[in-house]
Amino acid sequence: MKTPTLTVSDILKRKHFEHVEVAAGHNGLNRTVKWVHVVEVAKIHHLLNGKELILSTGVGWKENRELFRSFVEQLINCDASGLCIEIGMHTPSVPQEVIDLANAHHFPIILFLKEVPFVEITQDIHTYLINQHYEIISGLESYSQQLNKKLLSMDHYSEILKLLHHYSGHQVVFKINGREVEIFPKYSKTFKEEQLIVDDNAASKKRVATQPIQFLGNEYAELSIVSTGKEISEFDLLILDRTATALAQHLLRDLYVDEKKRVEENEWLKSWLEGEHPIENVFSYLAEYGAEPNPKGGTVLVVRFKSSMKQCSNLDMIYFKMLCRTIFEQQGFSTFPVDFHSSIVFIMINNREMKTWKSRMKIGLNSLLESDYIQKKKLPQFVVGVGKFIENVSHMDKSYRTALETIKIQHHLGGRANSCFYEDLHIYRIISLIHKYNDLYEVVMEYLEPVLQYDEKYNGNLLETLKVYLACNGSKKETAQRLFVVRQTLYHRIQKLESLLGEDFMNPEKRLAIEFMIKAYEYLQSQSMENKYVQHDRLRRL
């Protein structure tokens with residue numbers, strides 16, 4: 001469809017423009033005109049919105065060259081389309097400096113060599129523009145109807161791209177995050193490089209318009225039109241916006257259907273998490289879903305909800321999984337969600353360099369937690385655990401077990417957990433292992449019981465002093481500063497620690513054991529507080 005526009009060059013062909021001369025700005029005659037104003041004042045910058053053609057007799061500046069130049073500068077700065085001056089008593093000629101200024105900015109200055117009726121000119125052009133706007137609305141309505149028909153019948157979004165090209169006449173560029181750019185119609189590589197690259201230079205010439213396509217507050221794709229001829233028009237922008245909305249609906253529907261299909265395969269994925277599938281079967285599954293044929297390892301991410309998921313609809317959970325999939329695919333992971341009773345487990349297949357997997361995973365997690373969907377939706381609170389990175393993707397059971405262990409440690413530590421990555425928990429992994437197979441409390445008491453009893457009996461602060469003293473590597477000055485006590489008080493506490501733990505408590509091996517037991521004691525304390533909370537919650541419900 002031919003896009004309706006009106007340029008300065010078009011206006012020069014209309015009635016009352018038979019006797020004119022283009023004094024300056026010949027290279028700007030393709031400027032778009034949206035309205036016509038008659039102006040006879042020198043200060044105009046606050047009255048214009050851009051794309052106006054100005055008619056004037058010059059009475060506002062008469063023969064004052066400075067005012068004339070200032071007037072033209074204002075028009076240029078306001079993005080006016082051009083200036084038409086009636087040569088006569090008020091403006092016998094145009095100064096050369098004004099002509100040079102207009103030429104430098106490709107700003108048309110047109111001279112009426114004979115007296116013309118400004119009222120008839122504005123009436124003629126405004127009538128044309130109003131009819132043009134009606135044509136735009138009619139064209140947009142027709143385009144919208146065809147879009148709706150396509151959405152109901154088409155199999156692939158390429159049909160929408162073809163329709164946009166047909167109506168606008170411009171090149172169409174479409175990019176889904178993580179995929180190659182799609183260009184319609186297809187041309188040679190040389191043509192693409194020379195004409196269709198969406199860069200700052202093209203945008204500055206107003207030859208490119210771009211519309212992002214967003215899902216749940218995150219940008220999923222980008223749609224652009226690129227003109228190699230005239231400027232992008234208002235009609236082009238309107239149909240681009242309608243097309244982006246239609247594409248978003250189609251892509252969201254496809255993602256939703258795809259997500260529902262994944263739900264049906266939940267059992268197969270659970271078996272994968274149990275390590276029951278050989279590498280050949282895993283590769284076949286990945287190939288079926290378009291993942292990288294040679295994955296570079298992977299990990300398991302567990303999202304454990306703190307309360308019942310019953311308050312959330314199935315739609316909420318599907319949207320949540322779609323959001324996770326969209327975010328982590330942008331970071332180079334193919335995601336395969338598995339539903340459990342109170343958790344959603346994501347098998348994350350890495351498609352990029354292994355050495356960057358953790359930094360990319362952190363970016364994805366931050367994007368998830370800061371997304372509008374998570375911030376605004378009333379989803380149950382959840383904790384996240386990322387398991388050990390596994391190079392052989394058929395052994396995801398190992399990563400799954402460590403992800404569950406990460407959730408367990410975070411559950412015990414509460415707010416003191418400094419990471420959701422298994423590999424960052426270090427000593428707590430050892431503590432959890434000992435606690436699983438031994439009476440950890442008994443082992444802790446062998447080392448710390450004298451200090452704990454002293455603090456309880458005298459309301460002392462020896463355990464905290466011991467913890468800080470060890471963290472400061474035995475520096476008395478730094479320890480006193482961090483505890484906000486005088487040196488003499490600290491010396492007295494250290495003497496008491498020596499009497500309770502032995503004078504050798506700072507010897508390397510014993511010191512290492514004591515530091516370990518302090519961490520284990522904090523782990524047990526967190527667990528004890530959690531048990532009390534659970535008991536209190538049960539009593540409250542009864």
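Colleague: Before we dig in, when does R325 count as buried or exposed in this model?
Modeller: Buried means under 20% relative accessible area, while exposed means over 50%. Keep in mind that this is a predicted model. R325 has 12% relative accessibility, which is under 20%, so R325 counts as buried.

Colleague: Okay, and which residue does R325 meet in a salt bridge?
Modeller: Stay in helix α11, residues 314-330, and go four residues along from R325, which is about one helical turn. The N to O distance is 3.3 Å, and the residue is E329.

Colleague: How many residues apart in sequence are the parts that D424 and K358 tie together?
Modeller: These two form a salt bridge, with the closest N and O atoms 2.5 Å apart. D424 sits in the loop between α14 (396-413) and α15 (427-437), whereas K358 belongs to helix α12 (residues 357-370), so the pair links parts whose separation in sequence is 66 residues.

Colleague: What about R31 and D79, how far apart are their N and O atoms?
Modeller: R31 is buried at 18% relative accessibility, and D79 is partly exposed at 27%. A salt bridge needs the nitrogen within 4 Å of the carboxyl oxygen. This pair makes that cut-off, with an N to O distance of 3.9 Å.

Notes
Residues numbered from 1 in each chain as written. Predicted model: local features only at pLDDT ≥ 70, side-chain atom pairs only at ≥ 80, totals over all residues. Heavy atoms only, no water. Salt bridge = Lys/Arg side-chain N within 4 Å of Asp/Glu carboxyl O. Buried < 20%, exposed > 50% of the residue type's maximum accessible area, 1.4 Å probe, protein only. Helix = DSSP H or I, 4+ residues; strand = E, 2+ residues; numbered from the N terminus.
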